[in-house]
Amino acid sequence: MKKLEKGFLAIAALAVFGTNISAVSAASENELAVEVNGKPIQLAAIAAPAQKGYLLPLREVAENLGFEVTWNTALKAAEVRKGEIAGQVKLGDAHQAQALSIQAVDHPSILVDGNTYVSMSFVEEVMQAEVTVTEDAISVTEEEIDTAPPVTGTVTKIMKKEDGSISFLLNGYETGIILHISDETKITGADGKELTAQDLKLGMKVEAVHPNFMALSMPPQAGAITIVVQDSLEVQDVLGTAGKLASVETTADGHHRILVEGEALNEGAPEKVVLVVDENTEIVNARDQQPMKAEELKPEMKVYAFYGPVLTRSMPPQGVAQKLVVEIPQTASETE
């Protein structure tokens, strides 16, 4: 699993490799044939004595590893992407890259007869492939993905990007993770039936598998490999509001009534909503997924509230809570 630990640099963000791409008219005489996943490619690798290695043809190697290669005219950069793994070979210098808030790393790159060549370390670190050099050829092999233990929890937010891709927040911001769905992500129901990203709904309980590396953000991020939907809310068109409990009251019939103020999680949901919490409302701790009682709800707690589409026309609107995911911060003793 060579250099996979560095892979998080390429999750959910573009890493820029190559401070200056120089152009030459012909390749060096010192060349080696290249095979990708056992299949020979047309262009050879070019010796780079200063780096004690070789430069590999970007497009052929990337496409044979399943990456899409595009040219970003605005940034004057070649970009590779497969799911949430992405990299960029950029014309310009490190100062320009830093001004764009993109991480620049000094990896040699050259342009030969219109073809971009990149370092072996770019292929290893960004494309997460193993590169083996022999006297006769260079072998590029797609590495098996080292996966983390499955993570189980509640879909607390769904994010749809302009390009049509979908990501979701599992178990809230404080203790959760953002998982990005790609064409390679396998999504199924508990019965094994195949699903799509469009089938994911707020409040669902899912089990997800992701690579053993994550982007070091808050919350951390990773690409989803598999997602199994274990349970869904009975209500079809679930609405969601995330925010603080502005108030918690006990009603005359022994139920609880809460006021949630914050963010509407999907279309049609209000930013403020009054919800009745009854015996059918599921309440879980976001951190450990353990059930909670309505009596444990306190003002100022951060919650993700999910409820049916039928609401009163009052201000704020009122409804019945189907599920509450409560973010309870860790105590000082728990973090030691």
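**Entry 1: Pro316.** I began with Pro316, which is found in the loop between β26 and β27. I am working on a predicted model. Which residue does a cis peptide bond join to Pro316? I looked it up: the partner is Met315, and omega is about -5°. I noted the general rule beside this: most peptide bonds are trans.

**Entry 2: Pro219.** I looked for another cis bond. I found one that joins Met218 and Pro219, with omega at about -5°. Pro219 also has its place in a loop, here between β19 (205-209) and β20 (221-223).

Entry 3: I went back to β26, which covers residues 302-307. Is β26 mostly covered or mostly open? I counted 5 buried residues out of its 6, so the strand is mostly covered.

Next I checked the neighbours of β26. Strand β27 (residues 318-327) pairs with β26 in the antiparallel sense, over 6 bridges.

Which way does strand β22 (residues 239-250) pair with β26? This pairing is antiparallel too, and it runs over 6 bridges. Here I noted that Thr241 has Ala305 of β26 as its bridge partner.

**Entry 4: positive phi.** Asn37 is not a glycine, yet its phi is positive, at about 50°. Asn171 is not a glycine either, and its phi is about 70°.

I located both. Asn37 is in the loop between β3 (31-36) and β4 (39-40). Asn171 lies in the loop between β16 (166-170) and α4 (172-175).

Then I asked about cover. Is Asn171 buried or exposed? Asn171 counts as buried, because its relative accessibility is 6% and the cut-off for buried is under 20%. Asn37 has 38% relative accessibility, so it counts as partly exposed.

**Entry 5: Thr116.** I moved to strand β12 (residues 115-119), where Thr116 is found. Thr116 has a relative accessibility of 17%, so it counts as buried. What does Thr116 touch, leaving out residues up to four places away in sequence? I listed Leu56, Pro57, Leu58, Val89, Ile110 and Leu111.

**Entry 6: the cavity.** The structure holds 1 cavity of 30 Å³ or more. About 40 Å³ of space lies in the largest cavity. Which residues line it? I wrote down Gly203, Met204, Lys205, Asp231, Ser232, Leu233, Glu282 and Lys323. I sorted this lining by type: 2 residues are nonpolar, 2 are polar and 4 are charged.

**Entry 7: the whole protein.** I ended with the totals. The secondary structure comes to 5 helices and 27 strands. There are 336 residues, and 47% of them are buried. I also looked at contacts with a separation of 6 or more: 61% of these are between residues 24 or more positions apart. The accessible surface comes to about 17200 Å². Carbon and sulfur atoms account for 49% of that surface.

Technical notes:
Residues are numbered from 1 along each chain as its sequence is written. This is a predicted model: local features need pLDDT of at least 70, side-chain atom pairs count only at pLDDT 80 or more; totals for chains, interfaces and linings use all residues. Side-chain values use heavy atoms; hydrogens and water are left out. On a 1 Å grid over the protein atoms alone, a cavity is a set of points where a 1.4 Å probe fits but cannot get out, and a pocket is an open set with protein on both sides within 12 Å along at least five of seven lines; lining residues have an atom within 4 Å of a point. Grid points are joined across faces, edges and corners, and a volume is the space filled by probe spheres set on the points. Ala, Val, Leu, Ile, Met, Phe, Trp, Tyr, Cys and Pro count as nonpolar, Asp, Glu, Lys and Arg as charged, and the others, Gly among them, as polar. Helices (H or I, at least four residues) and strands (E, at least two) are DSSP runs, numbered from the N terminus. Buried means under 20% relative accessible area, exposed over 50%, partly exposed in between (1.4 Å probe, protein chains only). Contact means heavy atoms within 4.5 Å. Accessible areas come from the Shrake-Rupley method with a 1.4 Å probe; for residues, only the protein chains shown count as cover. Two strands pair if DSSP finds at least two bridges between them.
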